Amino acid sequence: MASHSDTLVVFFGATAGANGGKLGSDEREIILLVWQIVDLHEKKVGKVHKYFVKPDSLELTDQCKEETGLSVDDVISAEPLDKVLQQFQQSVTSEVKCLGRNSYTLLVDSPHIIRQALHPEASKKNLVLPECFFSFFDVRKEFQKCCSNAGPVQKLTLSSMLEYVGQPAVAEQQIGVREVRSMVQLTRSILAEPHNHKFCSVERVMYKFDAGTCSKTEPVDSETVIRARGLPWQSSDQDIARFFKGLNIAKGGVALCLNAQGRRNGEALVRFINSEHRDLALERHKHHMGSRYIEVYKATGEEFLKIAGGTSNEVSQFLSKENQVIIRMRGLPFTSTPQEVLNFLGPESPVTDGSEGLLFVKYPDGRPTGDAFVLFSCEEYAQNALKKHKQILGKRYIELFRSTAAEVQQVLNRYMSAPLISTLPTSSMVPLPVLSTPPFLPSASSTRDCVRLRGLPYTAGIEDILEFMGDHTVDIKPHGVHMVLNQQGRPSGDAFIQMKSPDRAFLVSQKCHKKTMKDRYVEVFQCSTEEMSIVLMGGTLNRSGLSPPPCKLPCLSPPTAYTAFPPTPAILSEAALYQTPLLAPPRPPQATIHSSAHTLAYYPPQPHLYMNMNYTAYYPSPPVSPSTVGYFAAPPGAMAAAVAAQSHPSAAATSSMLPQPGALMRMQGLPYNTGVKDILSFFQGYQLQPDAVLILYNFSGHCSGEALITFPSEEMARRAVAECSNHQFFGQQVHLALCN
């Protein structure tokens, strides 16, 4: 007899997709529920109830049709899941009452129907499940307790268990009815002599996720941790717990991962109560959270502790209050006081314990980071606070979003471990002697002969940028690559490139905009030397305009890789400045001999600069621009040949071998979401290649509505103008004209 109920409800379900051991792994909806009652006192059984369920998507997989023998016709006229569950509860309650019993517990063949099918589907459809679906017995585990020699739980089947206790297989063809009657027969066998089994080990489904903290000294079993990837950036720990609904997550077991800038990167580490729940979580690989599918992989306990573990007493005290909703505020003015934050949130969203419910994130030296965490006692107060998202405090707009205890730990750990003095990444270039010359800084000018690269991978180096620029590297000025670092001395994802002329900068911004580098697209904008200099000196450049640096004098620090070299004046050969992997195939020897090597200027070692360094610094480009090294092939076309001839007179003799360009056409009036494929489709039949299309972008990075198309010949271009001028481009009239 069960310790907490006197009746069992033997329960079975099937979905429109995979069933059996893979039930619920493909997110298919439930289409069949079958149950039967067993009285544990008198060993009586009730009537078998079988209900079809109408899914939202009336589509059954071939596997489902083969395994269950069901078709769409069987479920098309059935009730939806919520109605069937109501009928289940009414039927079971009435039947249990007729037997004179007070309580009942579900008995299933495996936890999949409860944990992997019923709870996830109810969560997606916002259904409130009856309380009986939050506890159940697993017939395999119960059988294994009284018949331990039958084998491991994972290998047990209904037929093998019946055979073990000497019971014949149930002769029933209907899916669901066969399984339910088999479980009933097995249950009555183990309740009788000689087993006299008692159902007492009930499994439970957690009602809600319990947030909490995790200490770095706490042991975490690697067999209980997974990594979820592809999460929406605004996801909270409760959203992740809802994605894994039906599985029990350990207290404080959701840790959102942050990138180098302290922002969520779409990943989370989740810790479950045991390995069984972890294995069930892995079966939800590529299940959906809204419109996005989530990837689920194994992870380790060390990875979880690295993200979620904390040692700060301040954080522990802040998070010691139970059942609090955590909101993260980002972008606060550095001079903000607790009272100003409380006034910003307003009386409709009171903070728990006033200023005690605020935690300002600071650097080790006490400087504010602009981040803070706030505690609210209930969901209503938190929702009122979230309505303040992007409202103004002082002169800055403030971002507010849900947070977690693990994120509090992670943010505090990250900032408190940040060094007081920024350290720059070690350069992969060969060691160079350094000349005793002043540090190089471009003179400010309004000439737009520079480009800004935004969105670079944080692991990108000089070599990656040169590869990204491709043939345009011939137009980079000496010392023309500058990588902007953040306040911790790490790459910020921005870089500035000095080009030889505004025309070259414009061409690069058009050709390379949104080109991919290491699986990330990079935005490329044309800008001036003045804008670049202000950023390199510590100012900021964003869509709101320029912000001046905190001091007028530049404070540039050399990379640590070069501070150890003596400042002995020396002139190196240009080829010696690059490692072998950076060299493209050399050009054939030319008749014209190059002039003598350019005078090289580089950063002298000045250790005292470290003490006053500005937190926005830049990483130097190779001492000599690639345009002065004869190892990069010139780009195709007469224009490129002219550039190559100017940069390398010796290359003029070979320029005739380069392909000549055809006729250039300008398209105007394009939709702003136009792509290269759209234009190629518009000129279908002219056999244009993708590199013949150049879409023009404005300074903000959006399509300007214009494009340049290169045709093989002027005759073909004129014919295209005549034939296509009257055609509409996706319902929009465009203007075509030949460029002179």
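# Salt bridges, burial and confidence

Colleague: Why are Arg328 and Glu407 called a salt bridge?

Modeller: Their closest N and O atoms are 3.0 Å apart. A salt bridge needs a side-chain nitrogen of Lys or Arg within 4 Å of a carboxyl oxygen of Asp or Glu, so this pair qualifies. Arg328 lies in strand E14 (residues 325–330) and Glu407 in helix H14 (residues 405–416), so the bridge ties together parts 79 residues apart in sequence. Helices (H or I, at least four residues) and strands (E, at least two) are DSSP runs, numbered from the N terminus. Both Arg328 and Glu407 are buried, that is, under 20% relative accessible area; exposed means over 50%, and partly exposed is in between (1.4 Å probe, protein chains only).

Colleague: What kind of model is this, and which residues and atoms count?

Modeller: It is a predicted model, in which local features need pLDDT of at least 70 and side-chain atom pairs count only at pLDDT 80 or more, while totals for chains, interfaces and linings use all residues. Residues are numbered from 1 along each chain as its sequence is written, and side-chain values use heavy atoms, with hydrogens and water left out.

Colleague: What makes Asp279 and Arg278 a salt bridge, and is each buried or partly exposed?

Modeller: Their side chains meet at 3.1 Å, N to O. That is within 4 Å, so the name applies. Arg278 has 3% relative accessibility and therefore counts as buried. Asp279 has a relative accessible area of 37%, so it is partly exposed.

Colleague: Why does Asp6 have no salt bridge?

Modeller: Asp6 is buried, and the nearest side chain of opposite charge, Arg101, is 5.1 Å away. Lys and Arg count as positive and Asp and Glu as negative, while His and the chain ends are not counted. The 5.1 Å is not within 4 Å, so there is no bridge. The Asp6 side chain does make a polar contact with the side chain of Thr7, at 3.3 Å. That term means a pair of N or O atoms within 3.5 Å; within protein, one must be able to donate a hydrogen and the other to accept it, and residues adjacent in sequence count only if both atoms are side-chain atoms.

Colleague: How do you know that His287 is buried, and which residues does it touch?

Modeller: Its relative accessibility is 7%, so it counts as buried. Among the residues in contact with His287 beyond four places in sequence are Gly24, Phe243 and Tyr293; contact means heavy atoms within 4.5 Å.

Colleague: What makes a nonpolar core, and which residues touch the most other members of the largest one?

Modeller: A nonpolar core is a set of buried Ala, Val, Leu, Ile, Met, Phe, Trp, Tyr and Cys residues joined through side-chain atoms within 4.5 Å. The largest has 34 residues, of which Ile31, Leu32 and Phe143 touch the most other members. Helix H7 (177–191) gives the largest share, seven residues. A second, separate core of 28 residues includes Trp35 and Val92.

Colleague: Where does pLDDT stay under 50?

Modeller: Over residues 418–440 and over residues 550–660. pLDDT is the predictor's confidence in each residue, from 0 to 100. The chain averages 77, and 76% of the residues score at least 70. Where pLDDT is low, the predicted coordinates should not be read in detail.
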